[in-house]
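Colleague: Could you walk me through the ligand site of this model? I'd like to go through it one point at a time.

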Amino acid sequence: MKRALVPGTFDPITEGHLDIVRRASQIFDEVIISIAESPDKGGHARLFTLEERVRLAKESTADLPSVRVESFGDLLVNFARRMDAKVIVKGLRAITDFEYEFQMTAMNYEIDREIETVFIMSPPKYMYLSSSIVREIARLNGPFKEFVSAPVFHALCGKYGLNEADVPAAAQSSAQRADV
Ligand code: COA
């Protein structure tokens, strides 16, 4: 069985992540969304707890039978060994991701040469999407519904005290323009 990990912090999982997970699930027999505990990032606390991030990832992938969700608090390559996974899948968005991904991939390769990292390119409409951008738009009551699954939309509305019906729709967002 070919099993792959899609790792990240997923605070929260976005449509950009889900695009990578769906495409990975077409290639591998089993995909494990691997959620790093990482309690904070750059000195900022997470918006969602680990339990919430796991629940939202599970609910967002309930329609994908070959996808499961696990969390980990150790080195990614050690977690991969524990899960008996030989492949790490990462999404590549803009060119700015490259240097950072290159460094992580190189270090992971040094630690365990049996584990390969492969990259799937994000489509243009998700190229500039990130969890913090989604959080920021939600916090300021902008249009974010199209960038997240229904459970994440619901959870973000709850966190920021938004009335779901009042969240503005993107009139013609860059995402829609990219679809044309
Ligand atoms: N669509 C949308 N957003 C995406 C995305 C995609 N396809 N891919 C990445 N992102 C965004 C994330 O939303 C996140 O945005 P934010 O900073 O605004 O929250 C950002 O890109 C970074 O992603 P993140 O999930 O934090 O992943 P990462 O690339 O920084 O790596 C781990 C996180 C967990 C994989 C990494 O830290 C790790 O392996 N940790 C375990 C410890 C370890 O082994 N360390 C040694 C590594 S060499």
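Colleague: Which pocket does the space taken by the ligand form?

Modeller: First, this is a predicted model, where local features need pLDDT of at least 70, side-chain atom pairs count only at pLDDT 80 or more, and totals for chains, interfaces and linings use all residues. Residues are numbered from 1 along each chain as its sequence is written, and side-chain values use heavy atoms, leaving out hydrogens and water. A pocket here is an open set of points on a 1 Å grid over the protein atoms alone, where a 1.4 Å probe fits, with protein on both sides within 12 Å along at least five of seven lines. A molecule sits in one if more than half of its atoms lie within 2 Å of its grid points, and the space taken by the ligand is the largest pocket.

Colleague: Which element gives the most residues to the shell around the ligand?

Modeller: Helices (H or I, at least four residues) and strands (E, at least two) are DSSP runs, numbered from the N terminus. Two or more shell residues come from each of strand S1 (3–8), helix H1 (15–27), helix H4 (96–111) and helix H5 (131–139). With 5 residues, the top contributor is H4.

Colleague: How far is a ligand oxygen atom from an N or O atom in the side chain of Arg93?

Modeller: A polar contact is a pair of N or O atoms within 3.5 Å. For the side chain of Ser130, a ligand oxygen lies 3.2 Å from an N or O atom. For the side chain of Arg93, the value is 2.9 Å.

Methods: Polar contact = N/O pair within 3.5 Å; in protein donor to acceptor, adjacent residues only side chain to side chain. 1 Å grid on protein atoms, 1.4 Å probe; cavity = no way out; pocket = protein on both sides within 12 Å on 5 of 7 lines; lining within 4 Å.
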